[in-house]
Structure formats: structure tokens, C-alpha cells
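Take a look at the model below.

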Amino acid sequence: MNTLLEVRSGPAYYACKANVLENLEVKLSRGNIRKVLVIHGQKSWEVTEPFFPSLENMETIFFTAGNAVTRKLNASRRQLLNMVQMP
């Protein structure tokens, strides 16, 4: 298998303004992004979910990592990679 799985530790773009998530799908589309993996903690998602757009034109996977995101991801990397299988 010769598939590149590119992982970025943080976003290459930051925006801070009211209702910033309303333009998320447009911004992702401009970057030719068609698959989205949202990694979040339980409490952070409870706050974010009411404002998060549906991303109707993208394949979106949500992964709840629990309270210790880094430790959970390290322990669950196989599960995460299985969820995001590249063609």
C-alpha cells in the first residue's frame, strides 16, 4: 500500500470573528478538501455542536477523544486509521 496519510498538528488558517463557522464549508471547498475528520473532546463538542455547520457536501467523521485527547488518540490510532480509510 503506497498511500500518503498527511497529518497536520494544527490548522494552517486561523480566523477569529463572530459566526466564523458559517463559512467553514466554503473555506474547506476552496482548499479542495472533501473529507473532514473532527477530533474533539466531550465538553468541547457540547459547546461547539449547536454552531457547527452540517458540511453537507463533504464526507465528515466525528471522533470523540474524551478528556485527554492526546492520550486517547495515541491509544486509539488503529481505530482512527480504520475510520479514515484512504482509497
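The notes below start with conventions and then turn to the structure.

## Conventions

This is a predicted model: local features need pLDDT of at least 70, side-chain atom pairs count only at pLDDT 80 or more, and totals for chains, interfaces and linings use all residues. Residues are numbered from 1 along each chain as its sequence is written, and side-chain values use heavy atoms, with hydrogens and water left out.

## Fold

The protein has 4 helices and 2 strands. Their order from the N terminus is α-β-α-β-α-α. Helices (H or I, at least four residues) and strands (E, at least two) are DSSP runs, numbered from the N terminus.

Contact means heavy atoms within 4.5 Å. Of the contacts between residues at least 6 apart in sequence, 62% join residues at least 24 apart.

## Surface and core

The protein exposes about 7,500 Å², and carbon and sulfur atoms supply 52% of that area. Areas come from the Shrake-Rupley method with a 1.4 Å probe; for residues, only the protein chains shown count as cover.

Of the 87 residues, 17% are buried. Buried means under 20% relative accessible area, exposed over 50%, partly exposed in between (1.4 Å probe, protein chains only).

The largest nonpolar core has 7 residues: Leu28, Val36, Val38, Trp45, Phe52, Leu55 and Met58. Such a core is a set of buried Ala, Val, Leu, Ile, Met, Phe, Trp, Tyr and Cys residues joined through side-chain atoms within 4.5 Å.

Not counting residues up to four places away in sequence, Trp45 touches Val38, His40, Phe52 and Phe62.

Leu24 lies in helix 1 (residues 24–30). With the same exclusion of residues up to four places away in sequence, Leu24 touches Phe52, Pro53 and Leu55. Leu24 and Phe52 are 28 residues apart in sequence, and their C-alpha atoms are 8.8 Å apart.
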